[in-house]
Amino acid sequence: MRAKINYLITAAVLVFYFVLVGSRGVLLIETGTALTVTFGVAVLILPVIGLWFLWKNTQFVHRANQLAAELEAEGGLPVDELRRTPGGRIDRDSADEVFAKRKAETESSPDDWRCWFRLAVAYHDARDTPRARKAMQRAIALHAGRTPTDA
């Protein structure tokens with residue numbers, strides 16, 4: 001729940017920023033000189049790119065949460081079997097052991113979105129966020145019936 005609240009606050013701040021920047025771009029365009037119109041258009045491009053990125057990221061999170069809910073309903077969510085340090089952090093060796101199991105599971109069933117979902121969680125636990133995101137994107141694509149190259 002805390003992650004959702006943080007995400008919503010961050011998204012709201014970004015949208016406010018995009019509106020603020022966009023309004024400055026419009027003011028520059030309204031000035032009417034060639035230079036200010038050029039700068040105004042350039043300034044308007046930034047919020048458009050930012051809103052697109054925010055939308056794609058929100059879609060990704062929503063779809064990943066849908067997969068998690070479906071997997072939970074099936075009883076297939078990965079069990080937390082990780083050892084933790086006294087400070088509560090995940091033990092690196094423990095994460096590597098679980099990752100090896102998840103990787104082998106995925107290699108034996110490469111077309112099963114559930115395996116890719118669990119692999120994404122293992123990548124995340126091993127602190128490899130880019131690979132975790134790619135694995136989750138593959139899980140989402142497989143779940144939607146698309147080939148991973150369509151993702």
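In this predicted model, the side chains of Lys101 and Glu81 form a salt bridge, with an N to O distance of 2.6 Å. The pair connects distant parts of the chain, 20 residues apart: Lys101 belongs to helix 3 (residues 92-108), while Glu81 sits in the loop between helix 2 and helix 3. With a side-chain nitrogen of Lys or Arg within 4 Å of a carboxyl oxygen of Asp or Glu as the criterion, the count of salt bridges comes to 10.

Helix packing comes next. The axes of helix 1 and helix 2 approach to within 8 Å and cross at roughly 160°. Angles over 145 degrees count as roughly antiparallel, and helix 1 and helix 2 are therefore roughly antiparallel to each other. The crossing in which helix 1 passes helix 2 is left-handed.

The largest pocket holds about 820 Å³ of space. It is lined by 22 residues, and those closest to the pocket centre are Ala3, Phe60, Val61, Ala64 and Asn65. Two or more lining residues come from each of helix 1 (2-31), helix 2 (34-74), helix 4 (113-125) and helix 5 (129-143). Helix 2 contributes the most to this lining, with eight residues.

How values were computed: Residues are numbered from 1 along each chain as its sequence is written. This is a predicted model: local features need pLDDT of at least 70, side-chain atom pairs count only at pLDDT 80 or more; totals for chains, interfaces and linings use all residues. Side-chain values use heavy atoms; hydrogens and water are left out. On a 1 Å grid over the protein atoms alone, a cavity is a set of points where a 1.4 Å probe fits but cannot get out, and a pocket is an open set with protein on both sides within 12 Å along at least five of seven lines; lining residues have an atom within 4 Å of a point. Grid points are joined across faces, edges and corners, and a volume is the space filled by probe spheres set on the points. Helices (H or I, at least four residues) and strands (E, at least two) are DSSP runs, numbered from the N terminus. Axes are lines fitted to C-alpha atoms, for helices over the stretch in contact, and angles run from 0 to 180 degrees between N-to-C directions. Angles under 35 degrees count as roughly parallel, over 145 as roughly antiparallel, 65 to 115 as roughly perpendicular and the rest as oblique. A crossing is left-handed if the near helix is turned anticlockwise from the far one by less than a right angle, and right-handed if clockwise.
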